[in-house]
Amino acid sequence: HGDRPVWPESRRSAMGRVGAAFLACLNGDLGNCVLVTHKDGVEASLGLMPSEAHLNIESMGYGAMFIATREEKTPAGWSVEVHGIRREQVFDSPRKALRRHMRR
C-alpha cells in the first residue's frame, strides 16, 4: 500500500507507514484484508485500535497476532482478540496514549 519507503527507514517512519496501511484497512478502503507484518507493525496497528490505545505492549511472543472485527461502522463497533501479546494499563487519555505510541 502506498509508495516504497526511503531506505534505510527509521522505526518511527516504518510504524507510521504500517499504521497508515492498517487505517486504510479499517476504513474499508481495501475491503476485507489481512495484514501480515513484523513486531513493530503489530505494535503500530494494535495501538490504533480504540480499545487498546490506553495499553502499553510489554512483550510480544513469536507468532503474536490480533484479530479485529466490527459489527457496525463506528469506533465503538470494533472488538479485538489478542494472542501472544502482553499489555499493561497506562493511565493516559486515549489521545495522549496515541501520541505517546507514535513517538516510539
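**Entry 1: Leu48**

I started at Leu48, which lies in the loop between H2 and S1. Here H stands for a helix and S for a strand; both are DSSP runs numbered from the N terminus, with helices (H or I) of at least four residues and strands (E) of at least two. Before going on, I noted that this is a predicted model, where local features need pLDDT of at least 70 and side-chain atom pairs count only at pLDDT 80 or more, while totals for chains, interfaces and linings use all residues. Residues are numbered from 1 along each chain as its sequence is written, and side-chain values use heavy atoms, with hydrogens and water left out.

Is Leu48 buried or exposed? I looked up its relative accessible area and found 19%. Buried means under 20%, exposed over 50%, and partly exposed in between (1.4 Å probe, protein chains only). Therefore Leu48 counts as buried, at 19%. I then checked a distance to Ala20, which is 28 residues from Leu48 along the chain. Their C-alpha atoms are separated by 9.8 Å.

**Entry 2: The whole chain**

I counted 3 helices and 2 strands. From the N terminus, the order is α-α-β-β-α. The chain has 104 residues, and 33% of them are buried.

Next I looked at contacts, meaning heavy atoms within 4.5 Å. I took those between residues at least 6 apart in sequence. Of these, 58% join residues at least 24 apart.

The bond from Trp7 to Pro8 is cis, with omega near 0°.

**Entry 3: The core**

I turned to the largest nonpolar core. Such a core is a set of buried Ala, Val, Leu, Ile, Met, Phe, Trp, Tyr and Cys residues joined through side-chain atoms within 4.5 Å. The largest one has 12 residues, and Leu48 is one of them. Others include Phe22, Met49, Trp78 and Ile85. Which elements give two or more residues to this core? They are H1, H2, S1 and strand S2 (78-89). S1 has the largest share, 4 residues. I wrote a general note beside this: in soluble globular proteins, nonpolar side chains tend to be buried together.

Ala64 also belongs to this core. I left aside its neighbours within four places in sequence and listed its contacts: His83, Gly84 and Ile85.

**Entry 4: One aromatic pair**

I searched for ring pairs. Rings of Phe, Tyr and Trp (its six-membered ring) pair if their centres lie within 6.5 Å; planes under 30 degrees apart count as stacked, over 60 as edge-to-face, and the rest as tilted. The count came to 1 aromatic pair. Phe22 and Phe66 form this pair, at 5.7 Å centre to centre and 75° between the planes, which is edge-to-face. Phe22 lies in helix H1 and Phe66 in strand S1, so the pair ties together parts 44 residues apart in sequence. Both Phe22 and Phe66 are buried.

How many of the 8 residues of H2 are buried? I found 6, so by the under 20% cut-off H2 is mostly covered. The buried ones are Gly41, Val42, Glu43, Ala44, Ser45 and Leu46.

Ala14 is found in helix H1. Ala14 is buried, with a relative accessible area of 14%. Ala14 and Asp40 are 26 residues apart in sequence and 8.1 Å apart in space, C-alpha to C-alpha.

Tyr62 lies in strand S1. Tyr62 is exposed, with a relative accessible area of 91%. Tyr62 and Lys39 are 23 residues apart in sequence, and 8.9 Å apart in space, C-alpha to C-alpha.

Ser79 has its place in strand S2. Ser79 is partly exposed, with a relative accessible area of 40%. Leaving aside neighbours within four places in sequence, I found Ser79 in contact with Ile67, Ala68 and Thr69.
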